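Please read it alongside the sequence and the coordinates.

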Amino acid sequence: MIQAQDLYYEINHHHNQLRILHGLNLSITSGEQVAIIGSSGSGKSTLLSLLAGLDVPTRGNVLVNGQLFSSLNEDGRAAVRAKYMGFVFQSFQLLPALTALENVMLPLQLNGTANARALSMAALNKVGLRERTSHYPKQLSGGEQQRVAIARAFATAPAILFADEPTGNLDHATGQMIIDLLFGLNKEAGTTLVLVTHDVELANRCERKLQLSQGVLTEVGQA
Amino acid sequence: MMLVIKLACSQTLSLWRAGALRVLVLALVLAVAAITAVSFFTQRVASGLSQQGGLMLGGDMVIVADHPVTQGYILEAQGLGLDTALTYEFPSMVVYQESNQLAQIKAVDSNFPLRGDLSITRTGAAQGRSVDRAPNPGEAWIEPRLASLLEVKVGDTLDVGEHTLRVGAILHNEPSRGGNIFSLSPRLLMNAQDLAATRLIQYGSRVRHQLVLAGDASKLNQFQQKVKPLLKKGERIETVRDARPEIKSALDKAQQFLGLSAMVSVILAMVAMLLASMPFVKQSLNSFAVMRCFGAQQKTLLCVLATQTLIIAFFSALIGVLVGFIVQLGLAQLADNLFLQRLPQVSLQPVLVGIAVSLTMLTAVVLPHAWQMRKLSAVNILRLETLTQPISAQAKFLPAAIAMMGMVFWQAGDMNIALATVLVMAGMSLVVLIAVYGYTLLAGKFFSSLPAGNMRSAISFGVQGLKRRLGLSAVQMVGFSLGLMVLMLLALVHGDLLRNWQASLPEDAPNRFVINIQPDQIESVSQFFASAGIKDTEIFPMVRARLTKHNQQVVNLEQFETERAKRLAEREFNLSWATKMQSDNQLVSGKWWTQDELDQPYLSLEQGLAESLGIQLGDTLVFDVAGIPMTLKVTNLRKVQWDTMRANFFAVTPPDVLNDYPASYISSFHLPAGRYAQLNQLVKTHPNLTVIDTEALLQQIRTIINRMSSALAYVFAFSLVVGLSVLYAALVATRDERVVEATLLRVFGASRRQVNIAYITEFASIGLLAAVVASVAANLLAYFISIKILGIPFEFNLNLALLVMLLAATLIPMAAWLSLRGFLNVPPRQLLNSI
């Protein structure tokens with residue numbers, strides 16, 4: 001499904017070359033649940049953004065379904081994202097001016113899906129927010145906001161779901177509920193899941209764990 | 001395409017519901033309303049003005065010729081569907097029994113006047129009756145002066161040439177009496193059908209032939225363009241521009257005021273829009289970043305933004321045009337009766353102007369963000385970088401600044417006013433930046449020298465808030481300063497300037513001119529003034545002269561390009577002499593003569609005349625005075641306020657220069673109501689005196705000033721509403737950031753009181769600094785406008801400046817506190833969810 005080949009990522013910081021990723025290789029097959037763990041600043045989110053085509057590597061390639069992805073231009077990558085990918089962010093990234101329903105509808109509208117409203121209602125129903133569809137993000141709790149974000153991610157039925165610290169902004173109990181929801185929906189839809197977290201407990205729920213340290217990825221073993 | 005429209009519509013609707021668009025739309029609506037209201041109104045006024053001018057000409061346009069009007073012109077005009085009438089003016093003796101009197105005969109076609117009414121009476125009463133027709137054949141209408149000189153009444157018969165006419169009415173008011181009122185003998189109006197029978201028009205007769213035209217403005221333009229190149233020697237076209245300079249001057253000032261107020265509204269609305277666009281842009285960029293993440297193409301997003309811009313601009317324009325239309329109805333109501341005829345109907349043009357303005361303004365605001373969005377990559381969202389600005393602040397505001405300047409130039413209609421405004425704005429932004437920086441530096445030092453404490457730290461935090469948000473504070477302060485400056489300017493312009501303008505034509509402004517006073521009659525005229533209780537009058541000498549040479553060159557009419565210059569050079573000058581300059585004149589260049597120079601061959605010229613004839617300071621002019629050449633050197637140029645209705649002269653010399661030449665005298669005075677009999681007595685005992693009644697003209701000017709004053713007050717009140725919207729937009733623009741900051745402060749243990757003090761200090765500082773800058777700028781601008789452009793005196797208004805500073809330093813923090821208060825009372829945990 002996704003392959004990373006000899007991936008390098010460097011940034012210039014005050015004229016110093018900072019190497020975040022060192023020739024990293026990775027292969028994720030369809031339907032797999034992969035957790036990428038590592039301490040803060042280890043480059044987890046950078047790796048995720050490269051795999052999702054949100055950023056481009058300094059060197060190396062990313063392939064999606066065998067197709068060279070990282071060398072496409074921004075619009076080319078956007079088209080691939082629209083076709084295959086969904087996202088759940090640590091800080092939810094809901095648009096404050098849109099209601100819960102409108103937020104979920106947004107990617108469907110972008111894809112030109114005909115029954116965007118019905119699909120979004122169904123998605124919100126699945127995350128238990130049927131009664132909150134017309135509420136704005138600021139009228140929702142953190143957990144509720146993340147449930148809207150999950151509904152938004154699954155509404156387009158993506159082949160791959162990227163989740164970046166999905167419980168990072170939530171308390172333990174709420175986080176647990178969100179994770180149950182995320183894994184439940186993932187199982188139901190058979191989606192490939194790429195999860196970035198520093199939470200070992202959360203990572204343990206994935207079929208496969210990868211540790212990112214000093215820019216190098218190592219397989220941790222089966223859960 | 002459908003996807004783009006659908007997305008744009010849903011995004012716009014959501015943004016509207018969430019309140020992110022309200023201030024932006026409000027600012028846009030107000031800007032469009034201001035422009036269209038003034039545009040609707042000035043357009044109607046402009047049409048009204050040409051009608052007003054038409055009343056003075058008897059039509060919309062006149063072809064004047066010293067020979068019979070070319071038949072081709074008449075056919076051309078009729079071919080275009082214009083109304084035409086021919087008139088003939090010439091001096092001739094009018095005989096009644098044993099008396100005779102030189103009169104200015106005007107023979108007119110039966111359908112004259114094409115514009116306006118004549119007003120007649122049977123008895124010479126003060127009020128006339130309007131008629132829209134010319135005298136019937138066999139009938140003559142005469143001015144009261146002629147009736148009094150010949151001692152005739154309605155029903156008597158007069159001889160004009162070889163024809164006898166019955167006096168049908170006393171001509172009370174003939175608005176079509178354009179041209180130089182001082183050269184006119186009393187008027188006799190008759191029907192052109194009787195002209196042949198008088199046998200007065202012979203070969204070589206000095207007749208002023210006129211073809212009067214009226215009709216649609218575009219047709220008139222077409223006619224003018226066709227005929228102008230065909231005009232022969234001795235033929236010229238006269239339009240409203242050539243009508244009475246007194247009225248033109250008053251109307252020009254009124255239009256400048258209106259243009260100024262419209263410009264003010266545009267500037268304010270643009271500032272409000274810039275400020276109001278900040279939350280809109282922030283939310284849009286966030287939306288676009290998320291959309292990019294979910295796979296939206298760049299082209300799609302740009303199209304969505306463009307469509308959103310179109311939707312917002314179009315609907316705001318529609319509402320704005322509607323508001324503008326309603327506002328101009330009020331304006332028209334206030335200006336009602338300003339013109340003798342009704343204001344013409346509104347046209348569609350301002351609607352198109354409104355839509356164009358709305359689109360231009362919003363595009364100018366959105367354009368830099370579209371540019372910025374081009375570079376926005378999806379990774380920004382993961383790194384929370386959506387607020388970083390890939391383009392500089394200057395570049396971000398550049399299109400809006402250019403659009404604003406464009407609007408200013410377009411609205412001001414006067415390069416000087418527009419340039420002054422733009423310069424003041426640019427200067428003010430710079431001064432604001434320096435002021436904020438200097439203030440934070442000084443205040444920082446001051447507070448660090450005070451003993452530590454909760455209060456001190458809160459105040460210090462507030463002051464440093466200006467520095468933390470230096471860019472934003474500066475934008476906000478420029479907004480406040482501009483808003484306050486414009487409001488102050490309005491107060492100054494509407495108060496002081498308008499008062500001065502009205503004062504230039506006081507209740508006792510002269511309403512009669514008496515000319516032809518002989519040297520030995522000066523004493524009796526002075527006695528008449530004393531007995532009638534008329535004060536502050538002056539009697540000026542007048543010597544007729546013709547300009548023959550300019551700097552040794554013989555004056556040749558062909559050398560002048562403009563019709564006005566040709567006419568000025570051709571006609572006789574009335575030279576006058578004076579020891580001191582008249583009080584309503586203003587020296588523009590050179591210097592007035594001293595007591596020792598009273599016999600020097602110096603000349604003082606009116607600035608406009610000098611410009612038209614290409615005469616400069618230091619030039620020598622030769623005049624032919626009663627056959628004797630007299631060489632004079634131009635030693636100064638004066639600006640003359642013609643609309644004061646006082647006797648004024650294009651050319652003045654020191655007193656001893658013209659002593660030996662034959663002079664007649666002229667005076668202007670205010671004849672109080674009920675003193676007509678005394679004046680009649682004076683005329684009777686001195687029949688050679690010619691008294692010209694300018695009461696009607698004066699009344700016309702006064703009406704224009706009064707009506708326009710109320711109309712302007714109304715436009716200014718509207719600008720005030722726009723100004724307040726700037727203040728509101730400035731608060732809304734920075735509210736989100738302040739809420740975040742206040743929440744964090746409270747999380748870290750600051751009390752509500754401390755947060756309140758910090759913000760009140762910050763806004764009080766902003767208000768005070770903005771008010772100081774605004775006071776200085778507004779007074780400078782008002783000075784420039786009053787002295788340089790309107791030519792009326794200016795006085796610095798300290799009380800107003802102090803009041804504005806006080807109000808700004810209290811009201812701005814209060815308004816800010818009110819808008820933030822809601823958030824300060826919410827528990828921080830709840831706020832953290834929403835930030």
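Glu151(B) sits in the loop between α4 (144-150) and β7 (157-160) of chain B, where helices (H or I, at least four residues) and strands (E, at least two) are DSSP runs numbered from the N terminus. Although Glu151(B) is not a glycine, its phi is positive, about 55°. Because it has 11 C-beta neighbours inside 10 Å, Glu151(B) counts as exposed; on this scale a residue is buried if 20 or more other C-beta atoms lie within 10 Å of its own, exposed if 12 or fewer, and partly exposed in between, with C-beta atoms placed from the backbone.

The model is predicted, so that local features need pLDDT of at least 70 and side-chain atom pairs count only at pLDDT 80 or more, whereas totals for chains, interfaces and linings use all residues. Residues are numbered from 1 along each chain as its sequence is written, while chains are lettered from A and ligands numbered from 1 in the order in which they are written.

Arg199(B), found in the loop between α5 (195-198) and β10 (208-214) of chain B, also has a positive phi, near 60°, in a residue other than glycine. The table lists the neighbour counts of residues discussed in this report.

| Residue | C-beta neighbours inside 10 Å | Class |
|---|---|---|
| Glu151(B) | 11 neighbours | exposed |
| Arg199(B) | 10 neighbours | exposed |
| Thr685(B) | 11 neighbours | exposed |
| Gly76(A) | 15 neighbours | partly exposed |

Thr685(B) belongs to helix α18 (residues 676-685) of chain B, and its C-alpha atom is separated by 9.8 Å from that of Ser524(B), 161 residues apart along the chain. Another backbone feature of chain B is the cis peptide bond from Phe112(B) to Pro113(B), with omega near -5°; Pro113(B) is placed in the loop between β3 (99-108) and β4 (118-121) of chain B.

Chain B as a whole holds 23 helices and 22 strands, and 45% of its 835 residues count as buried. Among its contacts with a separation of 6 or more, 85% are between residues 24 or more positions apart, two residues being in contact if their C-beta atoms, placed from the backbone, lie within 7 Å.

Strand β17 (residues 602-606) of chain B is mostly covered, with five of its five residues buried. Strands of a sheet pair through backbone hydrogen bonds, either parallel or antiparallel, and here two strands are taken to pair if DSSP finds at least two bridges between them. β17(B) runs parallel to strand β19 (residues 628-640) of chain B, to which five bridges join it, and Glu606(B) stands opposite Arg638(B) in β19(B). With strand β20 (residues 651-653) of chain B, β17(B) is joined by two bridges in the antiparallel sense, and Leu605(B) stands opposite Ala651(B) there.

In chain A, four strands form an open antiparallel sheet in the order β2-β1-β4-β5. β2 (16-28) and β5 (67-68) of chain A stand at the edges, each with a single partner strand, so one side of each is left without a neighbour in the sheet. Helix α1(A) packs on this sheet and touches β1, β2 and β4 of chain A, its direction making about 125° with that of β1(A); axes are lines fitted to C-alpha atoms, for helices over the stretch in contact, and angles run from 0 to 180 degrees between N-to-C directions. Strands β1 (residues 2-13) and β4 (residues 59-64) of chain A pair in the antiparallel sense over five bridges, and Gln3(A) has Leu63(A) in β4(A) as its bridge partner.

Helix α4 (residues 116-126) of chain A has Ala116(A), Ser120(A), Ala123(A) and Leu124(A) buried. Seen down the axis of α4(A), these buried residues fall within an arc of 95°, so they line one face of the helix, the arc being that of the directions from the helix axis to the C-beta atoms. Their cover includes α3 (100-110) and α5 (142-155) of chain A.

Between the chains, 28 residues of chain A are in contact with 28 residues of chain B. On the chain A side, the elements giving two or more residues are α1 (44-51), α2 (74-84) and α3 of chain A, and the largest share, six residues, comes from α2(A). Gly76(A) is found in helix α2 of chain A, and its C-alpha lies 9.5 Å from that of Gly53(A), 23 residues apart in sequence.
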